[in-house]
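Subject: A structure to look at, and its salt bridges

Hello,

I am passing on the structure we talked about, together with some notes on its charged side chains. Please have it open while you read.

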Amino acid sequence: MSLTTQPANPNFLNPINFRFVLHRAPTLNFFVIDASLPNVNLEPIYQATPFIPIPKPSTKLSYGKFNMTFKVDEDFVNYQEIYDWMSHLGLSEGFPDYANNVDKETNATGRGPVCDASLIVLDSSKKPNIEIRIRDMFPSNLGTIEFAVDANDIRHASCRVEFTLRDFVVIKL
């Protein structure tokens, strides 16, 4: 009996081969420069003993934040997509604004309080290979944009956004 350790596909994952799709913010999709898949944590439970507690796996997964950086477009459209989403959720204009955003719109249209997104990982031939479907996400932190007149070279403005999510699933395409 022989053990085979040769993988079916010896190619390494290339971290620059990806696309991001968020229907709630279609302009943002084009300007994404990096994305970080969140950590996944399985909380242990401990079995009591007279000596040391014995860790056992629980049934509760928790997920970290989905972080992403994007270049801000000249007309601020992609920044505004996220800012408006957050301000509607944050009751910036009061209860009527929240009711219009939450009650009348659903996740299916991509316009409700939460939205699904996809991180599509491309293979070495730049063809879609894996879809990471992120479910029920919403922006929880919109980062700063730096402006400076004394810069030596032109660096286009970028912004970091952090999303809270329910979970994600990995789908082989």
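Glu-131 forms a salt bridge with Arg-133, their closest N and O atoms being 3.0 Å apart, where a salt bridge is a side-chain nitrogen of Lys or Arg within 4 Å of a carboxyl oxygen of Asp or Glu. Of these two residues, Glu-131 is buried at 11% relative accessible area, and Arg-133 is partly exposed at 33% (buried means under 20%, exposed over 50%, and partly exposed in between, with a 1.4 Å probe and protein chains only).

This is a predicted model, in which local features need pLDDT of at least 70 and side-chain atom pairs count only at pLDDT 80 or more, while totals for chains, interfaces and linings use all residues. Residues are numbered from 1 along each chain as its sequence is written, and side-chain values use heavy atoms, with hydrogens and water left out.

The structure holds 5 salt bridges, and another of them joins Arg-135 to Asp-167, with 2.6 Å from N to O. Because Arg-135 lies in strand S7 (residues 128–142) and Asp-167 in strand S9 (residues 167–172), this pair ties together parts that are 32 residues apart in sequence (strands are DSSP runs of E, at least two residues, numbered from the N terminus). Here Arg-135 is partly exposed, at 26%, whereas Asp-167 is buried, at 13%.

Arg-166 forms a salt bridge with Asp-136, at 3.3 Å between the closest N and O atoms. Finally, Arg-135, Asp-136, Arg-166 and Asp-167 are linked in a network of salt bridges.

Best wishes

Conventions: Helices (H or I, at least four residues) and strands (E, at least two) are DSSP runs, numbered from the N terminus.
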